[in-house]
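Here is a walk through one structure, taken a few spots at a time. Have a look at the picture first, then read on.

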Amino acid sequence: MSLLEVHDVRMHYPASPDAWGRPRAWLRAVDGVSLSIAEGEVVGLVGESGCGKSTLGRVITGLERPTAGTVRFGGRDVAGRAGTPGLQLVFQDSLGSMDPRWTAAEIVSEPWRARGRRMARGELRRKVAGLLSDVGLEAAAMDRYPHEFSGGQRQRIGLARALADEPRLLVCDEVVSALDVSVQAQVVNLLMRLRRERGMAMLFISHDLAVVEHVSARMAVMYLGRIIEEGRAREVCARPLHPYTAALVSAVPEPGRARGGPALQGEPPSPLSPPPGCTFHLRCPIATTRCGAVSPSWREASPGRWVACHEAGPTDPGVQASPAGTR
Amino acid sequence: MSMGGPLVEFEGFTLELRTEQGPLRVLDGVDLRIDEGEVLALVGESGSGKTLCAQSVTRLLGDDRARCTRGGVRLAGVDVFKADERALRRLRGATAGHVFQEPAAALNPVMRVGDQVLESLRLHRPTEATRAEVVRWLARVGIPAPEHRARQYPHELSGGLQQRVAIAIALAPRPRLLVADEPTTALDVTVQAQVLELLRELRREVGMAILLVTHNLGVAESIADRIAVLYAGQVVEEGSAASMLSNPSHPYTRALVAAIPRMGHARGELASVPGGVPAPGSWPGGCRFHPRCPVARPSCAMETPPWTAFAAGHGSRCPYPAGGDRA
């Protein structure tokens with residue numbers, strides 16, 4: 001029994017309404033995703049913009065009620081229930097959503113107020129100071145306002161606020177993407193230390209493959225609303241099975257690493273009208289006619305390595321037209 | 001090319017912005033040169049002044065906003081901070097084209113993209129520009145179905161296609177220099193790889209020089225001949241792209257290189273630099289990196305380190321380069 005169990009989740013939004021306001025199409029932001037995270041485990045979720053990774057983070061933390069599928073946290077159904085104790089989301093500019101007139105202390109202690117926990121002012125300030133020190137800020141920071149902090153410091157306050165809830169699962173959505181590289185390293189190290197000390201599980205969502213590989217034990221790659229590959233982070237990056245993962249890996253510009261093969265052609269298709277068969281086949285360098293017709297099944301290519309591709313790695317024995325991303 | 005000298009030359013260039021609090025020094029004694037056909041990458045974190053350098057090449061900041069207080073910038077032999085508006089207009093577009101991070105901001109939202117390319121062609125060659133030439137340019141930058149796309153408006157194009165249009169507009173007048181400020185930062189990694197490939201191709205074909213501004217060392221290394229690292233308004237290291245990042249000398253460059261998570265490398269702590277990049281106006285005395293520097297000596301807080309050249313085309317603003325500990 002995992003801490004988090006996401007089963008066949010779909011999140012479809014109505015789009016392009018007709019004259020009567022009825023949707024003529026559905027935007028399939030998340031289209032059949034299953035994912036589990038064990039207690040204390042760090043799972044990375046990587047993909048490009050529009051692949052549905054942030055939507056999945058919002059569904060998991062209850063900010064969006066999925067169109068279909070289940071989300072269970074600690075055995076309880078939490079689909080569509082924001083504010084589940086122990087389940088916290090931190091995103092790119094978490095403080096951007098906070099009242100700019102709140103002090104850091106008010107921001108950090110917000111989860112306690114939301115849960116109706118009352119405490120004496122002295123105790124509250126002592127606890128806030130403890131959390132700020134956990135994220136590497138001085139206690140003096142608690143009386144300052146968001147605009148007085150740098151980007152890296154704001155991200156630390158966002159983290160301290162999430163930690164106030166003592167999360168068992170922290171969903172981090174692009175938490176270091178807006179930071180300069182020297183500051184990014186500080187925040188990544190901080191996250192890793194907090195995870196070790198508190199034993200919390202993390203879902204680390206990012207477009208940055210190298211950062212995801214660095215922080216995660218296991219990772220999942222998303223494309224157009226579906227998970228197309230999953231496995232140990234190290235292995236997925238070193239020996240990608242899915243041609244899309246391979247393209248992602250070779251496209252990452254990294255100093256000291258020779259450029260990979262030719263750049264992937266084209267751009268992801270619209271989630272309003274995903275192509276039939278494998279949603280990647282139009283850009284895929286190894287696609288066959290089958291790929292345009294039959295959706296590849298989600299299969300275990302080797303122990304712990306899952307992929308949704310007809311052609312990748314060991315061949316797929318029994319081909320069924322089952323949707324990718326489901327198990 | 002007739003001038004003989006470099007295409008772009010910054011010499012002791014010092015720039016101040018006018019602010020409500022008075023003049024604010026943002027660049028301090030910048031020396032840079034770009035030869036015809038050469039690609040220079042200017043890397044740095046936010047607030048380092050890299051974008052201001054790019055904007056100064058054609059003096060995009062008006063007199064009401066910025067003032068050169070020492071040194072200067074020459075573009076194709078013209079001293080741009082002494083040139084009049086007419087001379088500057090001749091330089092902008094015809095001699096140096098600009099591409100920015102947000103392509104949407106550079107495009108006119110109510111004008112068909114083909115007309116914008118045509119306008120750019122006509123700006124510098126009033127008579128002979130034709131629709132056929134526009135379509136050729138759109139095809140040249142890798143836009144599929146260019147006849148169709150030429151009739152579309154910017155909002156109908158994806159970010160990657162918008163950036164290609166912006167590149168076509170910048171290159172249509174056949175400038176000798178392309179100033180590209182974070183041209184791939186807003187793009188997904190697979191699309192970024194496409195645009196970098198395009199820039200490499202165009203450079204080979206057209207033989208233009210490129211000033212590339214980026215925060216991404218991997219991007220810089222993948223396209224540039226030389227790399228200059230900017231910190232707190234000063235160039236702190238410059239060298240060949242092929243060797244500098246594998247053998248960085250300045251402690252700041254070494255820290256930047258070490259802070260990048262890389263695929264396939266050991267997990268564990270990322271090397272991080274304490275603190276953040278100091279903002280203009282709060283630059284420390286002596287070496288500007290000394291408060292964050294792991295190898296700083298007492299003298300670093302007092303003396304401004306001179307530029308030290310220690311190999312052909314490789315130099316740094318640190319008197320204690322790399323030492324025995326070559327990263």
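A:Ser109 touches A:Leu124 and A:Val128, leaving aside residues up to four places away in sequence; contact here means heavy atoms within 4.5 Å. You'll find A:Ser109 in the loop between α2 (104–108) and α3 (110–114) of chain A. Helices (H or I, at least four residues) and strands (E, at least two) are DSSP runs, numbered from the N terminus. Is A:Ser109 buried or exposed? With 2% relative accessibility, A:Ser109 counts as buried (buried is under 20% relative accessible area, exposed over 50%, partly exposed in between, with a 1.4 Å probe and protein chains only).

The side chain of A:Ser109 also reaches the backbone oxygen of A:Ala105 at 2.8 Å, and it makes a polar contact with the side chain of A:Arg113 at 3.0 Å. A polar contact is a pair of N or O atoms within 3.5 Å; within protein, one must be able to donate a hydrogen and the other to accept it, and residues adjacent in sequence count only if both atoms are side-chain atoms.

A word on the ground rules: this is a predicted model, where local features need pLDDT of at least 70 and side-chain atom pairs count only at pLDDT 80 or more, while totals for chains, interfaces and linings use all residues. Residues are numbered from 1 along each chain as its sequence is written, chains are lettered from A and ligands numbered from 1 in the order in which they are written, and side-chain values use heavy atoms, with hydrogens and water left out.

Now for the rings. A search of the whole structure turns up nine aromatic pairs over all chains. Rings of Phe, Tyr and Trp (its six-membered ring) pair if their centres lie within 6.5 Å; planes under 30 degrees apart count as stacked, over 60 as edge-to-face and the rest as tilted. Two of the pairs are set out here.

| Pair | Centre to centre | Angle between planes | Kind |
|---|---|---|---|
| A:Tyr223 and A:Tyr244 | 4.5 Å | 55 degrees | tilted |
| B:Phe10 and B:Phe13 | 5.6 Å | 75 degrees | edge-to-face |

The tyrosine pair links distant parts of the chain: A:Tyr223 is in strand β9 (residues 218–223) of chain A and A:Tyr244 in helix α9 (residues 243–251) of chain A, 21 residues apart. A:Tyr223 is buried at 2% relative accessible area, and A:Tyr244 is buried at 1%. Together with A:Phe280, A:Tyr223 and A:Tyr244 form one aromatic cluster. Over in chain B, B:Phe10 is buried at 2% and B:Phe13 at 0%.

Chain B also has an open sheet of eight strands, in the order β6-β7-β8-β3-β9-β10-β12-β11, with mixed pairing. Two strands pair if DSSP finds at least two bridges between them. β6 (96–99) and β11 (308–311) of chain B stand at the edges with a single partner strand each, so one side of each has no neighbour in the sheet. From one strand to the next, the twist averages 20 degrees. Within this sheet, β3 (residues 39–43) and β9 (residues 226–231) of chain B run parallel, joined by four bridges; B:Leu42 has B:Ala228 in β9(B) as its bridge partner.

Strands β1 (residues 8–19) and β2 (residues 22–34) of chain B run antiparallel with nine bridges between them, and B:Glu16 stands opposite B:Arg25 in β2(B).

Methods:
Axes are lines fitted to C-alpha atoms, for helices over the stretch in contact, and angles run from 0 to 180 degrees between N-to-C directions.
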